[in-house]
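Visitor: I would like to learn how to read a model like this one, feature by feature. Could you give me the general idea each time, and then the case at hand?

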Amino acid sequence: MMKIKRIIPRAGLICLMLFVGVICFYPMVSLLFNSVLEPNYLPRGMLSRISHFSLGQYYESLFENSKFLRGLLNSAFMAFSITLGQITISIPAAFALEKYKIPGKEILFGVYLILVLLPYQVLQLPHYLLMKEWELMDTQISIILPNIFSTIGVCILRQGMRYVDNSVLDAAKIDGCGDFRLLSKIAVPGAAPSIVAAALLIFLDSWNMVEAPKIFLTSVDKMPISMIFNSVSGTGRNYAMGVLCLIIPFLLFGLFAEKLKSFIDTV
Amino acid sequence: MKRVFIRMKRIIPPLLMLAPSLIGVMILYIIPLINNFSECFTEGVNEKVYVGFKNFTDLFSNKAFALAVGNTLRFYAIAIPALLIIPLLLALAAVRNKKISSFCTVAMTMPIVMPLVSVMLVLDSFFVSNGFLNSALEWLGMTPIDTHGDGFSFVYLVIVFVFRYSGYNFLLYLAGRVRIKKEYYEVAALDGAGAVRSFFKITLPLMMPTFFLTFIVTIINSYKLYREVYWIGGDYPNETIYMIQHFINNNLHSLNYHRLAAASVLILIVTLVIVGILFFIQSRVEVES
């Protein structure tokens with residue numbers, strides 16, 4: 001009787017987790033399976049798929065569909081620029097805010113936090129008018145620039161800078177280490193998990209952006225992949241494109257998953 | 001005099017580090033937002049005339065705006081609680097077993113990493129006319145679901161949204177729950193406290209910081225709602241998923257800047273009030289514990 005009492009919750013737990021696993025992995029598996037079907041084939045039924053096997057659509061969408069490849073490159077360019085730009089600007093700012101005594105820094109950080117919590121919709125008109133004034137409409141800069149100065153990077157990195165040891169910083173200072181050397185030699189390695197986590201989150205977010213490109217971009221050859229590849233039906237060709245879209249995010253994620261996890265464990 | 005000089009010298013490097021971010025935020029965020037404030041009380045493109053609260057009264061009588069606000073709030077009222085509760089229950093269940101929790105961590109990161117485009121392609125395939133779910137429904141003699149139609153698109157949106165953003169909250173909850181020492185529960189069990197009691201007396205208070213963080217993350221994620229809507233409804237969605245973002249897009253398109261400025265100031269104020277309440281609650285909770 002005791003045994004049954006112990007087994008039932010356990011079995012229930014395993015069932016629940018299997019259910020979660022199926023839901024979470026299904027899109028990935030289904031995408032991969034369907035992506036090896038003929039370009040114009042709409043998958044139906046399990047068995048009939050075998051006779052429609054093809055890999056040509058991968059080649060076709062990468063090398064013959066210039067619109068798709070262009071979108072992929074645009075997405076990569078914008079997402080990498082935003083990530084790199086925001087991280088390079090946020091690291092020193094977060095370090096200064098966390099480790100130095102600056103008058104009024106808590107108020108400033110409060111403003112940064114509010115900006116993070118501000119819906120993007122509030123900023124859309126101000127940004128639109130600004131970009132119009134600067135004659136940057138229909139350029140990718142109009143999307144990259146505001147995102148580089150988005151304050152979420154500073155907020156995440158400040159959290160990470162807390163784990164940089166103060167006594168190490170003080171010791172280095174006494175040994176005559178300059179402030180910028182402190183930043184590059186001690187703070188950056190010390191806050192590495194948070195830097196990687198912030199970079200990953202910013203990148204994944206930029207990879208999916210729709211709101212800003214919708215407003216600022218008009219020419220198709222500048223659009224990111226999330227704009228040109230929209231509301232399409234699930235043929236073999238489109239599934240193959242779906243797979244191609246997720247290669248870069250997955251590669252980056254695979255490379256940095258450990259660091260991300262160690263960051264989440266500390267927040 | 002010398003002392004002041006040394007202090008000045010000390011503050012220069014951190015100010016230099018802060019400068020790029022500060023200048024960018026000033027030019028690209030703060031000043032445009034302030035300009036926006038003056039814009040919302042004026043009218044006209046070249047010669048601006050002060051019109052008081054006319055833009056606001058116009059906005060309140062605008063049917064599209066009312067529809068957009070109503071839909072957006074309705075969406076948040078359903079999606080945010082779901083995003084806060086479902087991952088919490090999963091995390092509390094998963095934490096009982098190490099193998100299961102590491103499996104779940106991997107599983108729940110999948111929707112985070114997968115691009116929207118790839119996820120939607122698969123989810124849509126459930127609901128297309130010859131898809132898995134609709135074939136099943138038809139076979140059962142029920143009417144098939146149309147994700148672009150009035151009846152189902154809102155529900156579909158909620159499902160997609162919860163699926164895509166549960167992962168973040170799950171990871172945060174799990175990390176927060178793992179940090180609570182096992183001994184607390186053991187002592188509570190010895191004293192005869194049941195699972196429910198130890199949840200309310202141990203887990204809930206100790207996870208307060210985590211709850212606060214997840215709430216903030218959920219709010220930030222919920223602003224990205226338009227991405228899913230855009231896939232489902234495109235530029236001209238049906239009335240049930242017409243959101244504030246559509247209202248902005250349409251009015252930018254027809255150059256109604258002043259009306260938009262009023263809308264944006266309104267959303268700003270509402271957000272500030274909510275953020276204020278949030279931080280007030282947080283400081284209260286911190287004082288208590």
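Guide: Helices (H or I, at least four residues) and strands (E, at least two) are DSSP runs, numbered from the N terminus. In this predicted model, local features need pLDDT of at least 70, side-chain atom pairs count only at pLDDT 80 or more, and totals for chains, interfaces and linings use all residues. Residues are numbered from 1 along each chain as its sequence is written, while chains are lettered from A and ligands numbered from 1 in the order in which they are written.

Visitor: Where in α3(A) does the kink lie?

Guide: The kink, of about 30 degrees, is at A:S90, shortly before the proline A:P92. The helix concerned, α3 of chain A, covers residues 66-99, and its 34 residues reach 49 Å from the first C-alpha to the last, close to the 50 Å expected at 1.5 Å a residue; the expected span is 1.5 Å times one less than the number of residues.

Visitor: How many helices and strands are there in chain A, and how many in chain B?

Guide: Chain A has 13 helices and zero strands, whereas chain B has 13 helices and two strands. For chain B the radius is 25 Å, well over the 19 Å that the rule gives for 289 residues, so chain B is more spread out than a compact globule. The C-alpha trace of chain B spans about 80 × 75 × 30 Å along its principal axes, and that of chain A fills a box of roughly 75 × 75 × 35 Å.

Visitor: What share of each chain counts as buried?

Guide: A residue is buried if 20 or more other C-beta atoms, placed from the backbone, lie within 10 Å of its own, exposed if 12 or fewer, and partly exposed in between. On that count 45% of the 267 residues of chain A are buried, and 33% of the 289 residues in chain B.

Visitor: Which residues have a positive phi without being glycine?

Guide: Most residues other than glycine have a negative phi. B:L255, with a phi of about 60 degrees, sits in the loop between α12 (244-253) and α13 (257-288) of chain B and is exposed, having 10 other C-beta atoms within 10 Å.

Visitor: How many residues of each chain are in contact with the other?

Guide: Two residues are in contact if their C-beta atoms, placed from the backbone, lie within 7 Å, and by that test 70 residues of chain B touch 72 residues of chain A. Helix α1 (residues 2-39) of chain B supplies the largest share of its side, 16 residues.

Visitor: What confidence does the predictor give?

Guide: pLDDT is the predictor's confidence in each residue, from 0 to 100, and chain B averages 87, with 97% of the residues scoring at least 70. The complex has an ipTM of 0.90 and a pTM of 0.92.

Note on methods
Bend = angle between axes of the 7 residues up to and from the residue. Rg over C-alpha atoms; globule rule 2.2 N^0.38 Å.
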